[in-house]
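Biologist: Please put the model up, and then we can go through a chain, an interface and a residue in turn.
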Amino acid sequence: MRIEPRPGERIDRSQTLSFEFEGKNVDAFAGDTIGSALYAGGRRVFSRSFKYHRPRGLLCCSGACPNCMMEVDGVPNVRVCVEPVREGAVVKAQNVVGSLERDLMAATDKFGGPFTPVGFYYRTMIRPRAAWPLFEKFLRNAAGLGRIDKHARREGRYDVEHRHADVLVIGGGRAGLDAARAAAAAGEHVVVVDENAPPEGADGLEALAPATALGIYEGGLVPVSAGRVLYRFRARRIVIATGALEQPVVFPGNDLVGIVLPQAVRRLVDDFSIRPGEQAVVLAADDDGLAVADDLRAAGTKVLEVVDLRDGPHRISASGSAGKLNGVGIDGVRFNCDLLVASGGRQPAYSLLAQAGARIEYDEGRGVFVPRDIPAGVEAVGSVTGEGTGAIPPAKPLLGDKTFVCLCEDVTEKDVKRAIAEGFDSIELAKRYTTVTMGPCQGRLCHLNSVRLYARETKQGEDAIGTTTARPPWSPVELGLLAGRPHEPAKRTSIHHRHKELGAKMMWTGAWRRPHSYGDPEAEAGAVHESAGLIDVSTLGKLVVRGPEAAAFLERIYPNRFADLKPGRIRYAVLGTDGGRIMDDGTVARIDDETFYVTTTSTGAEGVIEWFEWWNAIWKLDLEIVDVTGALAAVNLAGPQARDLLAPLTEIDLAPDAFKYLDAKQGRVAGVPALLLRIGFVGELGYELHFPSPHGETVWDAIAATGAVPFGLEPQRILRLEKMHVLIGQDTDSESNALEASMPWIVKFEKDEFVGKWALEHVQERGMRDRLVGFEMANGVVPPEGGAVVVDGRLAGRVTSARHSRVLGRTIGLAWVPETLAVEDAEISLRVNAGLERANVRLRPFFDPDGERLRS
Amino acid sequence: MSFLLACPNCGPRDVNEFHCQGEVTIRPKQSPSRRELSEYLYFRRNVAGVQREWWYHRLGCESWFLAERDTRTNEVLKTELPE
Amino acid sequence: MNLDFLSPALAEPAPRSPLGRALEGFGARDLSLVHGVLDARGDLAGHPMEGVEIVKLSPDRSLVLVPYADAPSLRSWLEARGVSAVDVSGGYAGLEVGGETVLRRLTELPLDRLPAVGMVGHISCVVLRDGERFRLFFRQEYADYMGELVRDTLEGVA
């Protein structure tokens, strides 16, 4: 019941609020939590336990235990003891069938015991296997925490913010604030973080509260969750002042409603001005715990007995009716009471220190685990170091049912002993088998007791048993906070919006957005063969490689020859790894003696730049490599009419003998400076224009206005396949080399050295095993890319590309086949669906094999 | 992964600004046998301890440098530009 | 033949900003056509230029921010003095936005050690500071992405 106003109370009695609990109205003051308001109104049973559905009441009143978890406005598992009241909130009990007072599932408690010992689900409900869905449904409904409403829709905005500080103090208690003030006085930039309301006495300091430090990660990264913002802190020094946690006492009946920890009394009396009970007994193992007897008396509770548990072992057992405490026996003497304050001592909250790399050691004298060997950059102050803490050992075993070690998971002393008897004799195994520490409290209230129980039962020291691994997050954290804002770094060319305006179907290639086609891929491919097509190839990687040793560099890094490439000429280039594998391909154009312009594949660009830079970090040749991939846009105009359409837009002489195939020329197109490369990926007369990106739309518009038909990646794939042009990464993989990929002319073995030479020499020596060849289907079926090539009933290769070609009237493709079958017209079988289809090997380009159209 | 590396040009930065090429290896001086070549290409010492590695500051200065990192703790003890 | 085909300022038509659409209607200023960028190799110490800002990446590489139209001429001037420079103005988009909190939501870079080049919203970015205003330069292919990211971040801070 609510008592007279007290100085320092956190409620504002001038502001009243109300919310709904199980359909009934509940009054509250501003500053109340939902739990304190319910308690003040007389509620004592707050939840039903996980497995046995036993009534549970407030225990810690500070967000550490599971006992007060309810559903608030559709959100399950809310700890109402720390959840501020909200006007009109709808609060419901969870994990009950019926009501908190009469939960039908409590039958599990009365009768289920023999059927539900620790780990029962590893032994029962396994057969018949077909019945599992039924068992599962039963189990899921019988036990658990809150329920997720699958149809609920909640929106929230979560942000992530990076913060730097000289000193980050975690814990705004006495020790933390002392450390913070000292650092601030020394001129350091300090930030204090505390899980609860802003700490008193923090004036002048920057305090984030309520905010939870979730863990300590590599590099001293401390994520702090504060409502809807996740702060990622990097501090030169991290001061851990997380204090110590009051530990429950283990005795028969220790989970009855009305048994609380001292901090619950402090919260109820001091913060919310509530009398916690009428008649109380206080059992504690430290002075602060014993002192709550004074808080109780000040609130009007009659204190019957105060026992200092440090003065020797005591026989304790509690009794109740309908789950509520009505008395406690201490060494044979019974006290009738409705409130029992029981604390076995305080265990340092070392989790963050353990995550930072400290060693956790058992302190025999104190009876608790303490952190040692704290790594550089981290400090511990206050009770988390162990000073002022200590806990009593668990009492000798008493006959008595329901002596709880873990309240979250309903694990009793008997369960732990049974687990040991079954052979789960290491703490990590035992934890996973019994599920102790795996519930909502995550070990805050049960880890120490369980380790000490283990020690007693297995007759080992606690230090030999050790602790389980401490992991983040310290408290539950909403997934939205971890997800942050959903932005995908997509790359778009400067012509992107034209493609959208034309109705292109966009697709991803790596991080690029590119047009798949503008509606009719086969018609687009047809336009390239019949008139002229225009494609945006701005995504190509582009490098300027220049310097006195630029040619020498290219000679050394490519299998091709480049030293003899004349200015104004272009060569197709294939880049190989040191293992002789194909890494990327593109073109190299020579601008002048010392300047080369290199293109790469769109998705390989970044890798090629890194590769070039790495080799030159080793070779240290006199040259520069400049990445101009984004600086230049590029378009390819291809088709028999390409020359006629382009001529009016440029002063460059496009006549066949003036601008030959594989020439590079410089001039202007539509008034924009450009480099023109006469190359032919798509097999028709064509010009690839490279010009500054800010003029992308201008040049595109000018060429499109001439009647050139925009075409996308899909028609480009058909066209290049007709010419049997290899697509790196599609037709080759990380094992393919240029020799077996049927490009032997690329590899200039006469060169003294180039990256990959040794490996390719070995390939030559051992002979080729597989080859990349073209094929034509006997009938029009298009085999799946990646599909098998079958020879004599065995897998002998795979199809890498396949398309139907309208201009050829046939289905064509590329495939890897055994060397012996790399013969013109050889027959191969390809798996299509469940059957085999016949195809014939082709070694020369399907369309215009002599390149007459290309070189026209 | 959230450790920091001190780029010799830019100073300490989050690891995600970089690309790790892996252990520093010794390239054969002249035509290696198939075995020597395979060992160079595919075998690594993979120590549980301090490893010398190549790193590229891809989202910063775009330079290659060397680092000595303890593979057990991700503590980077030293970084330097290649000679 | 030469590298003039790289310079957007040498074209007759007007250049278009990669951020032209992305920044419509919200609180960030488009700088893409205000500054040109030169990728310079070598020591710039002996070659003083006015009206430019130098962001040194490494002992022998700097990015030089110049008035957009001056990029070609400044490039020639440097080349004539033996400093290699490539006009990469076409490769960058730039914007100016205000507020430390906005920046802290975009990047982990320490804001008291600028200018710097580092990760902003997953991509590489040149960050400069003028009091409470910040200038960000990044690869133009990310213009739509950065526009969306900055707009969203401003909304979160509001």
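Modeller: Helices (H or I, at least four residues) and strands (E, at least two) are DSSP runs, numbered from the N terminus. This is a predicted model, in which local features need pLDDT of at least 70 and side-chain atom pairs count only at pLDDT 80 or more, while totals for chains, interfaces and linings use all residues. Residues are numbered from 1 along each chain as its sequence is written, chains are lettered from A and ligands numbered from 1 in the order in which they are written, and side-chain values use heavy atoms, with hydrogens and water left out.

Biologist: In what order do the elements of chain B run from the N terminus on?
Modeller: Chain B has 1 helix and 6 strands. Read from the N terminus, the order is β-β-β-α-β-β-β.

Biologist: What percentage of the residues in chain B is buried?
Modeller: Buried means under 20% relative accessible area, exposed over 50%, and partly exposed in between, with a 1.4 Å probe and protein chains only. The C-alpha trace of chain B spans about 40 × 25 × 20 Å along its principal axes. Of the 83 residues in chain B, the buried share is 46%.

Biologist: How many residues does chain A bring to the contact with chain C?
Modeller: Contact means heavy atoms within 4.5 Å. Chain C supplies 48 residues, and the number from chain A is 57.

Biologist: What area is buried between chain C and chain A?
Modeller: Buried area is the accessible area (1.4 Å probe) that two parts lose on being put together, summed over both. Carbon and sulfur atoms give 52% of the area between chain C and chain A, and the total is about 4400 Å².

Biologist: Which residues of chain C lose the most area to chain A?
Modeller: Three residues together make up 20% of what the chain C side buries. They are Met1(C), Phe5(C) and Glu108(C).

Biologist: Which residue of chain A forms a salt bridge with Asp152(C)?
Modeller: A salt bridge is a side-chain nitrogen of Lys or Arg within 4 Å of a carboxyl oxygen of Asp or Glu. The rule finds 14 salt bridges across the interface of chain C and chain A. For Asp152(C), the closest N and O atoms are 3.1 Å apart, and the partner is Arg157(A).

Biologist: Is Gln247(A) buried or exposed?
Modeller: Gln247(A) sits in the loop between strand S14 (244-246) and strand S15 (259-260) of chain A. Beyond its neighbours within four places in sequence, its contacts include Leu261(A), Gly344(A) and Cys446(A). Because its relative accessibility is 2%, Gln247(A) counts as buried.
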